[in-house]
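User: I have a chain open here and want to go through it piece by piece. Can we begin with the strand pairing?

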Amino acid sequence: MADGSAVPARTRAPDPALPRVCVIGAGSSGIATCKQLFEAGIPFDCFEASDRVGGNWVFQNRNGMSSAYRSLHINTSRDKMAYSDFPMPADYPDYPHHSHIAKYFDDYVDHFGFRQHITFQCAVTWAKRREDDPMAGLWEITLETGEKRLYDALCVANGHHWDPRWPEPRPPGQFDGLEMHSHYYIDPTTPHDLRGKKVVIVGFGNSALDLACELGRRENTDGVWLSVRRGYWVVPRYFGNEVLDHFNNHPSQDPPLLSRILPPRMVARMLEKKIAAVHGRPEDHGLPKPDHDFGASHPAISHELYNRIGSGDVTIKPDIERFAGSQVIFKDGSVVEADAVIWCTGYKITFPFFDTLTIDAPDNDIALWKRMIDPRFDNLFMVALVQPLCAMMPIAEEQSKLIAAYLIGRYALPDPATMADERDAMHQAVKSHYVASARHTIQINCGEYAYDLRKELKRGVKRAKAKGNPLPIKPRAAKVLRVAAE
């Protein structure tokens with residue numbers, strides 16, 4: 001048990017009268033889904049490619065998908081990252097190490113008692129929605145063992161920080177040194193020995209800043225140059241003695257009344273002024289001036305970057321113009337003789353088990369109702385396919401509550417036409433608010449989004465009651481299998 005205040009919820013045995021569900025992935029989002037299904041008595045199987053839960057937070061995960069490096073710590077605070085009914089241990093630091101987080105996920109699964117429903121070292125290689133009678137609408141799941149199984153519904157929680165996205169287009173020219181993506185970085189000596197080397201880091205996300213600060217220490221490299229395409233906002237981990245997100249409620253709680261009343265741009269401007277007053281603006285520290293309002297892009301979180309820049313350990317450079325042998329030539333005409341380039345250029349949203357007609361995300365662009373559902377499919381749910389300004393775990397938890405309520409008939413979806421209209425409106429609103437880039441296609445404001453899901457759940461409960469609470473997804477998979485066996 002991670003914390004004595006977390007008491008297991010009541011659970012009931014899987015009910016064969018409810019639809020059978022497949023969950024892909026046992027990372028932080030997949031186990032949140034499993035927990036809600038388990039407590040609702042919904043029969044399910046979860047398939048995980050690795051040998052343990054935790055996904056991206058399992059350092060050197062044997063499935064090869066984890067991007068965790070040796071020094072990685074969370075960049076949202078301990079209390080705001082935790083699931084709502086399972087606090088992290090009080091003796092965890094404000095920003096725990098990845099090893100703390102991995103243990104927390106293991107404890108979560110064992111505390112609520114659903115580990116037996118997870119099949120480890122068994123990836124899903126294909127997921128197909130059958131259209132032939134009597135299987136029409138069922139999901140046929142192919143496992144890496146070659147076995148095929150049928151399910152009434154499918155929850156996808158495979159994550160979207162595991163398939164590295166390289167620069168498109170890559171700067172022209174030949175670079176004679178080492179090129180690697182940050183996904184593969186472990187520490188200054190692994191998988192490549194960077195000690196005493198001159199390193200150019202490209203990008204300005206959290207990983208780029210973490211790597212720049214770590215490698216910028218003179219005992220690690222002979223210099224770091226951070227190539228920045230545009231101006232970004234930098235947010236520290238602390239304001240005085242308070243953690244960065246102390247003024248936010250946990251996503252499971254309604255946002256403060258003031259933030260619901262004030263226009264988002266006004267709230268963003270207030271935060272911008274507070275950050276500037278305490279830590280200065282990016283251009284005060286030699287970074288490009290942001291060309292967008294605070295809140296219109298995902299801010300970079302670092303309490304160390306400005307110190308490294310001010311100490312001369314990290315030198316800011318503009319975008320790369322081209323390569324010429326060992327030379328990295330930047331768009332301002334400056335040149336660095338470099339030994340290595342590390343691309344911190346993000347990840348592709350990828351579903352290797354779907355064909356592109358089912359679900360696809362070209363250029364990382366994907367529009368779903370409430371960021372969860374394609375209106376064409378009433379039994380397919382995408383879990384945590386969002387880019388939040390908070391931790392992913394509470395968001396996956398809120399989504400999974402709605403999914404479980406739907407599968408037991410307590411909640412009813414809107415009609416497909418309404419879902420399509422609301423999906424398009426939300427997608428366009430995000431595009432109009434955030435900077436246009438592959439990084440901001442699935443952005444959400446955590447408090448607003450979770451609050452909206454809870455309001456939608458209440459609306460859907462009323463819709464279901466008006467219909468007599470019928471099961472929207474009938475439990476047919478087991479019956480079809482029995483018929484086929486006979």
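User: How do β1 and β7 pair, and over how many bridges?
Analyst: This is a predicted model. In it, strand β1 (residues 21-24) runs parallel to β7, and four bridges connect the two. One of the facing pairs is V21 opposite A153 in β7.

User: What else does β7 pair with?
Analyst: Strand β20 (residues 380-382) also pairs with β7, in the parallel sense, over three bridges. There V156 stands opposite M382 in β20.

User: Which way do the β7 side chains point, and are they buried or exposed?
Analyst: In β7 (residues 153-156), A153 and C155 point one way, L154 and V156 the other way, and all are buried. In a regular strand, side chains alternate between the two faces of the sheet.

User: Now β16. Which sheet is it in?
Analyst: An open sheet of three strands, in the order β16-β17-β18, with antiparallel pairing. The edge strands are β16 (320-324) and β18 (335-337), each pairing on one side only. Neighbouring strands here are turned by 20° against each other on average, direction ignored.

User: How many bridges join β16 to β17?
Analyst: Four, with β17 covering residues 327-330. I320 stands opposite F330 in β17.

User: Switching to cysteines. How many disulfides are there?
Analyst: One, from a search of the whole structure. C390 is joined to C446, with an S to S distance of 2.1 Å.

User: What hand does it have, and why?
Analyst: The disulfide is left-handed because the torsion about the S-S bond of C390 and C446 is about -100°. The pair links distant parts of the chain, 56 residues apart: C390 is in the loop between β21 (387-388) and α8 (392-407), while C446 is in helix α10 (residues 446-466).

User: Are those two cysteines buried or exposed?
Analyst: C390 counts as buried at 19% relative accessibility, and the cut-off is under 20%. C446 is buried too, with a relative accessible area of 7%.

User: Aromatics next. How many pairs are there?
Analyst: The search of the whole structure finds 23 aromatic pairs. Among them, Y69 and Y185 are edge-to-face, 6.2 Å centre to centre with 65° between the planes. Y69 is in the loop between β2 (44-47) and α2 (78-81) and Y185 in the loop between β8 (178-181) and β9 (199-202), so this pair ties together parts that are 116 residues apart in sequence. Both Y69 and Y185 are buried.

User: What about F175 and F323?
Analyst: Their ring centres are 5.3 Å apart and the planes are at 40°, so the pair is tilted. F175 is in the loop between β7 and β8 and F323 in strand β16, 148 residues apart. F175 and F323 are both buried.

User: Which residues form an aromatic cluster?
Analyst: F38, Y83, F86, Y104, F105, Y108, F112 and F114 form one cluster.

Terms used. Residues numbered from 1 in each chain as written. Predicted model: local features only at pLDDT ≥ 70, side-chain atom pairs only at ≥ 80, totals over all residues. Heavy atoms only, no water. Disulfide = S-S within 2.5 Å. Buried < 20%, exposed > 50% of the residue type's maximum accessible area, 1.4 Å probe, protein only. Pairing = 2+ DSSP bridges. Axes fitted to C-alpha atoms, helices over the stretch in contact; angles between N-to-C directions. Phe/Tyr/Trp six-rings, centres within 6.5 Å; stacked < 30°, edge-to-face > 60°.
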